[in-house]
Amino acid sequence: METKKINLIKRLGKGKYDEVLEAIEYRHYSPEIPEGRIWEIRGLAHYGLVDIASSMHALEIANTMVPLSLVA
C-alpha cells in the first residue's frame, strides 16, 4: 500500500499532475489507500494544474471522508 501511495505523492511533488490524475483515473494505485485520500490527491493535482473548480470539488469530497492533510 505505502509504495503505491508514495508513488502518487512523489509524482505530485515532482509536478507530474497529469500522471497523477491518469493513475487515479485508471486505478493504478493500491486499493488499500482510503478513497478520501485519493480524492485529496486528485484535488491537489488539479490545483497544480490551476484547475481551481475541479480542485475545490475534489477537496470538498475528500473533506467529507477524511481529515485533510496540512498541504490541502
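Trainee: Which residues are exposed on the other side of α2?
Mentor: The model is predicted, and local features need pLDDT of at least 70, side-chain atom pairs count only at pLDDT 80 or more, and totals for chains, interfaces and linings use all residues. Helices (H or I, at least four residues) and strands (E, at least two) are DSSP runs numbered from the N terminus, and relative accessible area, taken with a 1.4 Å probe on protein chains only, sorts residues into buried (under 20%), exposed (over 50%) and partly exposed (in between). On the other side of α2, the exposed residues are Asp 18 and Glu 25.

Trainee: Within what arc do the buried residues of α2 fall?
Mentor: The buried residues in α2 are Val 20, Leu 21, Ala 23 and Ile 24. Seen down the helix axis, they line one face of α2, because their arc (that of the directions from the axis to the C-beta atoms) is within 160 degrees.

Trainee: What is the phi of Val 50?
Mentor: Val 50 lies in the loop between α3 and α4, the latter covering 52-65, and is exposed, with a relative accessible area of 65%. It is not a glycine, yet it has a positive phi of about 60 degrees.

Trainee: How many residues make up the largest nonpolar core?
Mentor: A nonpolar core is a set of buried Ala, Val, Leu, Ile, Met, Phe, Trp, Tyr and Cys residues joined through side-chain atoms within 4.5 Å. The largest one includes Leu 8, Tyr 29, Ile 33 and Ile 38, and its total is 12 residues. The elements that give two or more residues to this core are α1 (2-13), α2 (17-25) and α3 (35-48), and the core itself has a residue count of 12.

Trainee: Which residues is Leu 12 in contact with, beyond its neighbours within four places in sequence?
Mentor: Leu 12 lies in helix α1 and, at 13% relative accessibility, counts as buried. Contact here means heavy atoms within 4.5 Å. With those neighbours left aside, the contacts of Leu 12 are Tyr 17, Val 20, Ile 41, Leu 44 and Ala 45.

Trainee: Which residue's side chain is joined to that of Glu 40 by a polar contact?
Mentor: Glu 40 has its place in helix α3 and is buried, with a relative accessible area of 4%. A polar contact is a pair of N or O atoms within 3.5 Å; within protein, one must be able to donate a hydrogen and the other to accept it, and residues adjacent in sequence count only if both atoms are side-chain atoms. At 2.5 Å, the partner of the Glu 40 side chain is that of Ser 69.

Trainee: How far is the charged end of Arg 42 from the centre of the ring of Trp 39?
Mentor: A charge sits over a ring if NZ of Lys or CZ of Arg is within 6 Å of the ring centre and within 35 degrees of the ring normal. The charged end of Arg 42 sits over the ring of Trp 39, at a distance from its centre of 4.3 Å.

Note on methods. Residues numbered from 1 in each chain as written. Heavy atoms only, no water.
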